[in-house]
Amino acid sequence: MILLSVVITVVKVIILIGILMTGFAYTMLLERRLLGFFQLRLGPNRVGPMGLLQPLADAIKMMTKEDLLPSAADPLVFRLAPVAALFAALAVDAVIPFGAPIHLFGLTISLDIANPGIGLLYVFAFSSLGVYGLVLAGWSSQNKYSLLGGVRSSAQLISYELAMGLSVLGILITVGSANLETIVQFQAHHWWFVFTQVIPFLVFFTTAIAETNRIPFDLPEAESELVAGYHTEYSGIRFAMFYMAEYINMITASGMAVTLFFGGWSGWSFLPPIIWFLLKVGAFLFVFIWIRATLPRFRYDRLMNFGWKVLVPLAFVYVLATAALASGAI
Amino acid sequence: MVGFIILAVLSFASAVGVVVARTPVHSALSLIGNVVTLAVFYLLLNAEFMAAAQVIVYAGAIMVLFLFVVTLLTAGKEERERPESLAGQRALSGVLAVAAGVLLAGIAVRDSAGPLVTRFSAGYGSLSAMGRVLWGPDFDYLAVVALMLLTAALAVLVLNRRAEDPRPAAAKEDAS
């Protein structure tokens with residue numbers, strides 16, 4: 001029986017990584033096509049029908065490119081950084097419930113790799129490790145632009161993580177559990193948290209964009225001032241790993257927003273839960289890309305002011321209000 | 001047991017790495033490794049909240065700040081040995097480390113007969129159990145610690161502002 005559960009877990013891990021890698025490839029294609037449409041052009045549509053084989057072509061190109069190591073770089077840290085970024089991005093997804101538990105051959109299989117009681121804290125723990133990839137890449141490249149990008153990312157991620165943590169506290173108070181499955185079940189039986197926690201949701205989504213280093217918060221790789229920021233010196237497969245990490249973080253952030261605020265896999269019964277989950281995640285990915293196509297980049301001091309003086313107080317006041325309501329004080 | 005030994009070796013190696021590494025960033029990386037192995041130790045002890053808090057607070061926040069400072073200060077600099085400001089600190093720290101090790105080993109040998117901790121119920125380290133303790137019988141301590149941290153944070157703000165105000169005295173009078 002132990003052996004069986006180990007086999008099931010390993011199979012689930014492999015399937016999840018497969019889904020995430022495919023998801024990464026096609027999120028990237030989706031982004032390029034959508035950006036094309038937003039800018040009144042077509043985007044990549046030459047490779048395969050509607051450009052659907054473009055990710056494959058990109059992958060082959062990336063893997064066959066030369067893997068450069070700057071002569072002044074710290075070899076160990078330089079090679080460790082992209083791995084750290086990708087690892088943190090992948091690890092977070094282990095606790096996200098992708099669908100209701102399914103029954104297969106008399107077994108009940110839950111659609112997450114693990115379901116710890118501290119699920120929410122697990123997500124924060126691993127997403128906070130993602131910053132190391134960026135900081136270490138910036139430092140080990142021994143390049144001023146890279147270093148500035150790395151330093152910016154550490155300041156930015158620490159600031160926005162705080163607001164992000166505060167924004168989900170209201171959910172923790174209402175549900176009384178940090179288990180993601182319980183949070184989804186609560187929403188399936190009561191209401192979606194986006195209706196009662198509007199401001200925390202907005203704070204969460206804003207900080208999620210900042211945590212994934214997407215426009216308008218992509219200061220660590222601002223190409224107009226920092227060339228390419230922390231990954232300036234990277235090429236080939238290591239460069240691709242940073243991109244994988246960014247897009248998988250995007251999928252993770254969408255998955256977390258759906259799980260926490262949009263009822264996870266719950267939905268009307270004419271579609272299976274996992275399809276609902278994927279549809280909702282897809283909608284969030286579209287919003288991510290939409291925002292990228294629409295908004296200009298923040299200036300750095302404004303980014304910091306916005307994080308500390310707007311998002312943190314907003315989320316904090318809302319947590320206090322939720323706590324007062326939950327405890328019956330008002 | 002095998003898992004424990006692997007973890008112990010990793011933890012020990014990373015701890016040694018902090019001291020031995022020539023580059024500050026390598027030291028910081030070793031410290032992160034050590035912090036993470038400690039978190040896994042907590043997991044093995046069923047203290048899952050402690051493990052998560054360890055990773056979030058130490059690996060996710062404090063070490064990021066460490067790295068922030070270290071990367072800023074050491075970028076592009078050659079490695080070099082600085083003259084030690086405190087005479088004999090290496091010898092002293094070595095002696096203290098050996099003494100602490102002997103003490104720990106002594107305790108381990110003395111109490112190896114049976115389990116040390118028996119009165120904790122299952123799930124004692126979960127989030128809700130920790131919450132019940134912190135917000136129940138031990139709330140006074142929590143409040144005192146919170147007050148201390150708040151005071152420290154305020155003090156940092158106040159002290160920094162006074163020390164770093166770049167405006168000349170005349171401008172201040174105008175402003176007031």
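The structure is a predicted model, in which local features need pLDDT of at least 70, side-chain atom pairs count only at pLDDT 80 or more, and totals for chains, interfaces and linings use all residues. Residues are numbered from 1 along each chain as its sequence is written, while chains are lettered from A and ligands numbered from 1 in the order in which they are written. The model scores ipTM 0.78 and pTM 0.82.

Chain B has seven helices and zero strands. Helices (H or I, at least four residues) and strands (E, at least two) are DSSP runs, numbered from the N terminus. The pattern of chain B along the sequence is α-α-α-α-α-α-α. The average pLDDT of chain B is 79, and 81% of the residues score at least 70. Here pLDDT is the predictor's confidence in each residue, from 0 to 100. Residues 171–176 of chain B have pLDDT below 50. Beyond near neighbours in sequence, this stretch has one contact in the model. Two residues are in contact if their C-beta atoms, placed from the backbone, lie within 7 Å. Of the contacts in chain B between residues at least 6 apart in sequence, 55% join residues at least 24 apart.

Of the 176 residues of chain B, 15% count as buried. A residue is buried if 20 or more other C-beta atoms lie within 10 Å of its own, exposed if 12 or fewer, and partly exposed in between; C-beta atoms are placed from the backbone. Helix α1(B) covers residues 2–20 and has 19 residues. From first C-alpha to last, α1(B) reaches 27 Å, close to the 27 Å expected at 1.5 Å a residue. The expected span is 1.5 Å times one less than the number of residues. The number of buried residues in α1(B) is zero, so this helix lies largely in the open.

At the interface, 22 residues of chain A are in contact with 18 residues of chain B. Helices α4 (119–140) and α5 (144–175) of chain A each supply at least two residues of the side of chain A that touches chain B. The most comes from α4(A), with ten residues. By class, this side of chain A has 16 nonpolar, six polar and no charged residues. Ala, Val, Leu, Ile, Met, Phe, Trp, Tyr, Cys and Pro count as nonpolar, Asp, Glu, Lys and Arg as charged, and the others, Gly among them, as polar.

The axes of α4(A) and α5(A) come within 8 Å and cross at roughly 170°. Axes are lines fitted to C-alpha atoms, for helices over the stretch in contact, and angles run from 0 to 180 degrees between N-to-C directions. The two helices are therefore roughly antiparallel. Angles under 35 degrees count as roughly parallel, over 145 as roughly antiparallel, 65 to 115 as roughly perpendicular and the rest as oblique. Residues of α4(A) in this contact include Leu120(A), Phe124(A) and Trp139(A). Those of α5(A) include Leu157(A), Glu161(A) and Leu172(A). The contact has twelve nonpolar, eight polar and one charged residues.

Helices α1 (residues 2–38) and α10 (residues 236–261) of chain A pack at about 100°, with axes 9 Å apart. That makes α1(A) roughly perpendicular to α10(A). Leu20(A), Gly23(A), Phe24(A), Thr27(A) and Met28(A) of α1(A) meet residues of α10(A), including Met244(A) and Tyr247(A).

Pro216(A) lies in the loop between α8 (198–211) and α9 (223–226) of chain A. With 16 C-beta neighbours inside 10 Å, Pro216(A) counts as partly exposed. Not counting residues up to four places away in sequence, Pro216(A) touches Leu295(A), Pro296(A), Arg297(A) and Phe298(A).
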